[in-house]
Amino acid sequence: MPPCRRGASGFRGVRVHPSGRFTAEIRAGGFRLTLGTYNTPEEAARAYDAAAWRFRRPGHDMNFPDVESLEEAEFLAPPPCLVTDEDRHRHRQVQRRIAIAERDEQLMRQWRARSPDAFFANLRAQRRSNRRHRRAVAAFELENSNTTWTENDPRWDDLWTETTSDDE
């Protein structure tokens, strides 16, 4: 897997504003959560790491791999600059969203632990659906006289695979 891009700040999850301030953001559950605005990129990176610890991200997602626990990351992370009431309101909103996302991830872990059969059945159904789609595309390309696929293209294999156990 290619390394994650790091922006102009040099840190993961940190963006530079035209004003020279730095914003820490993290993606969780399809949402981009703004963690706050900071004076230095290091402060914003520390805030990102604290949020990454809260979301149980792997160590390679951290900006500072020497931090060994959530408590240490939260201790090292500075509080965001809350200048106006709007900033305070937005910060409370972000904290609520982080708490909701954490709870969702916790419930998903519990659900997977209690009912692994349902989880893997859903995964198998998604894979079957993907195989059917690939077969349909290969069949379409077979009928299409203007295909861009070469004769040795591995995608043709999807058309000729056995369909006995996959489609049941």
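Which residue in strand 2 does Arg 15 stand opposite? I looked it up and found Thr 23 in strand 2 opposite Arg 15.

I note first that the model is predicted: local features need pLDDT of at least 70, side-chain atom pairs count only at pLDDT 80 or more, and totals for chains, interfaces and linings use all residues. Residues are numbered from 1 along each chain as its sequence is written, and side-chain values use heavy atoms, with hydrogens and water left out.

**Entry on the sheet.** I took helices (H or I, at least four residues) and strands (E, at least two) as DSSP runs, numbered from the N terminus. I found an open sheet of 3 strands in the order 1-2-3, paired antiparallel. Strand 1 (14-16) and strand 3 (31-38) are at the edges with a single partner strand each, so one side of each lacks a neighbour in the sheet. Strand 1 pairs with strand 2 (residues 22-28) in the antiparallel sense over 3 bridges; pairing requires at least two bridges found by DSSP.

**Entry on helix 1.** I saw that helix 1 (residues 41-54) packs on the sheet and touches strand 1, strand 2 and strand 3. Contact here means heavy atoms within 4.5 Å.

**Entry on helices 3 and 4.** I looked up helix 3 (residues 85-114) and helix 4 (residues 116-143), which pack at an angle of about 100 degrees with their axes 5 Å apart. Axes are lines fitted to C-alpha atoms, for helices over the stretch in contact, and angles run from 0 to 180 degrees between N-to-C directions. In helix 3, Trp 111, Arg 112, Ala 113 and Arg 114 meet Pro 116, Ala 118 and Phe 119 in helix 4.
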